[in-house]
Amino acid sequence: MEKEIEELRGAAMAAIGSARHREDLGPLRIQWLGRQGRLSQLFKKLSESPVQQRATLGKALNDLKAAIQSRLEEQEQKLALTPRPAPVGFDVTLPGRRSPLGRRHPLSQTMERIKTVFGTLGFEMAYGPEIETAHYNFDALNIPVDHPSRDAFDTFFLSDGRLLRSQTSTVQVRVMEKRIPPLRIVAPGRVYRPDRVDATHHFMFHQVEGLVVDRRVTFADMKYVLEVALQALFGRERKMRLVPSFFPFTEPSAEVFMSCPFCEGGCAVCSRSGWLEIAGCGMVDPNVFRAVGYPEGEYTGFAFGFGLDRIAMLAYGIHDIRLFTENDCGFLHQF
Ligand code: DAH
């Protein structure tokens with residue numbers, strides 16, 4: 001039996017020493033030290049050997065076990081430090097392959113900037129559903145029953161009478177119905193209109209709605225907020241002007257124009273006028289306050305709304321709104 005022990009020692013050491021990869025050591029460990037392994041078999045034989053020799057043989061076996069264990073560990077450490085030889089035909093000097101990095105969509109980037117700008121002015125974000133009722137999209141916004149925007153040509157209606165919101169002004173109503181002033185919110189989101197798709201129109205686009213309501217909010221407050229926001233987005237040199245307009249939910253109403261960032265005095269983008277229309281705004285119509293149940297004459301406020309796609313197109317010089325939804329990586333990678 002002593003001879004067997006020595007043979008086993010020789011064989012085990014040789015096998016472990018010739019292992020070339022760490023992964024080879026697992027099977028060797030099982031082969032030599034496992035329950036069904038070679039060493040266990042010898043341990044079992046111990047009971048058959050003469051009683052006087054058992055103690056010595058037992059010790060020899062235990063020593064062998066310890067020796068195999070430490071040899072395995074030693075080899076494991078050695079192999080951990082040895083690099084695997086490169087397979088033939090493999091050029092280790094080639095530069096590595098870069099994993100392609102994604103970017104944030106230009107609309108998301110624009111949205112982040114708008115959030116930051118209005119966040120600094122004390123506005124909070126508000127959201128509303130894209131599937132709406134006529135109450136939120138029209139009635140509460142003082143849009144008369146015979147208004148053309150209620151036409152199926154201008155709004156997508158669902159078969160159950162609900163609709164896809166055609167403006168984010170819906171969120172004004174939702175917020176005011178739930179909360180009392182002071183309110184300062186911006187509400188970004190998707191809106192839908194059955195428009196023929198071309199370079200500047202889409203059936204789905206994005207708007208950002210703003211609403212400020214408190215006691216004694218004035219038209220001058222609105223002008224200030226809009227100008228600060230516009231200059232934060234497009235640069236301090238941009239000028240703003242308000243042109244009288246009409247929206248059912250504001251009185252008085254205005255269109256917001258910004259001096260064209262692409263030219264001095266006239267180019268194709270601004271139709272040679274030097275000005276670009278970028279938003280609608282106005283003082284909240286008392287009928288809207290009535291619709292949400294605010295006490296008569298208590299509050300004033302202003303609202304504004306602009307197209308996020310249009311802002312992003314102007315900010316990045318993008319000429320076709322369709323590019324935003326085409327997921328063309330060549331396009332998206334430029335931002
Ligand atoms: N909802 C308007 C639209 O879709 C934009 C708008 C104009 C929003 C004036 C407003 C506003 O809040 O005061 O054309």
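In which loop does Thr133 lie? Thr133 belongs to the loop between strand 2 (131-132) and helix 6 (134-137). The model under discussion is a predicted one. With a relative accessible area of 29%, Thr133 is partly exposed, since the term buried requires a value under 20% and exposed a value over 50%. Apart from neighbours within four places in sequence, Thr133 is in contact with Arg162 and Leu163. Between Thr133 and Met283 there are 150 residues of sequence separation, and their C-alpha atoms lie 24 Å apart.

A second residue, Leu242, is part of strand 6 (residues 240-247). Leu242 is also partly exposed, at a relative accessible area of 23%.

The view now widens to the whole chain. Eleven helices and nine strands make up the secondary structure elements of the protein chain. The radius of gyration is 38 Å, whereas the globule rule gives 20 Å for 335 residues; the value is well over the rule, so the chain is more spread out than a compact globule. Taken along the principal axes, the C-alpha atoms fill a box of roughly 115 × 50 × 40 Å. Of the 335 residues, 41% are buried. Among contacts with a separation of 6 or more, 65% are between residues 24 or more positions apart. The accessible surface amounts to about 19200 Å², and carbon and sulfur atoms account for 54% of this area.

Within helix 10 (residues 308-316), the buried residues are Leu308, Asp309, Ile311, Ala312, Met313 and Leu314. These buried residues pack against helix 5 (106-120), strand 5 (204-214), helix 8, strand 7 (250-259), strand 8 and strand 9 (300-307). After helix 10 comes Gly317, with a positive phi near 65 degrees.

How many cavities of 30 Å³ or more does a search of the whole structure find? The search finds one such cavity, and the volume of the largest cavity is about 110 Å³. The lining of the largest cavity consists of Phe118, Leu226, Ala229, Leu230, Leu233, Phe234, Val256, Ile278, Ala279, Phe306 and Ile311. By class, this lining holds eleven nonpolar residues, no polar and no charged. Helix 8 (219-234) and strand 8 (275-284) each contribute at least two residues to the lining of the largest cavity, and the largest share, five residues, comes from helix 8.

The largest pocket has a volume of about 1300 Å³. Two or more residues of its lining come from each of strand 5, strand 6, strand 7, strand 8, strand 9 and helix 10. In total 47 residues line the largest pocket, and those nearest its centre are Arg193, Phe205, Gln207, Glu277 and Gly307. Strand 8 gives the most to this lining, with six residues. The lining of the largest pocket divides into 21 nonpolar, 18 polar and eight charged residues.

Finally, some features of the backbone deserve attention. Pro181 and Pro182 are joined by a cis peptide bond with omega of about 5 degrees, and Pro182 is found in the loop between helix 7 (170-178) and strand 4 (183-192). A cis peptide bond also leads from Glu251 to Pro252, where omega is near -5 degrees; Pro252 lies in strand 7. Asn142 is not a glycine, yet its phi is positive at about 65 degrees. Asn142 sits in the loop between helix 6 and strand 3 (163-164) and is partly exposed, with a relative accessible area of 25%. Asn327, likewise a residue other than glycine, has a positive phi near 55 degrees. Its place is in the loop between helix 10 and helix 11 (329-332), and at 55% relative accessibility Asn327 counts as exposed.

Technical notes. Residues are numbered from 1 along each chain as its sequence is written. This is a predicted model: local features need pLDDT of at least 70, side-chain atom pairs count only at pLDDT 80 or more; totals for chains, interfaces and linings use all residues. Side-chain values use heavy atoms; hydrogens and water are left out. On a 1 Å grid over the protein atoms alone, a cavity is a set of points where a 1.4 Å probe fits but cannot get out, and a pocket is an open set with protein on both sides within 12 Å along at least five of seven lines; lining residues have an atom within 4 Å of a point. Grid points are joined across faces, edges and corners, and a volume is the space filled by probe spheres set on the points. Helices (H or I, at least four residues) and strands (E, at least two) are DSSP runs, numbered from the N terminus. Ala, Val, Leu, Ile, Met, Phe, Trp, Tyr, Cys and Pro count as nonpolar, Asp, Glu, Lys and Arg as charged, and the others, Gly among them, as polar. The radius of gyration is taken over C-alpha atoms; the globule rule is 2.2 Å times the number of residues to the power 0.38. Buried means under 20% relative accessible area, exposed over 50%, partly exposed in between (1.4 Å probe, protein chains only). Contact means heavy atoms within 4.5 Å. Accessible areas come from the Shrake-Rupley method with a 1.4 Å probe; for residues, only the protein chains shown count as cover.
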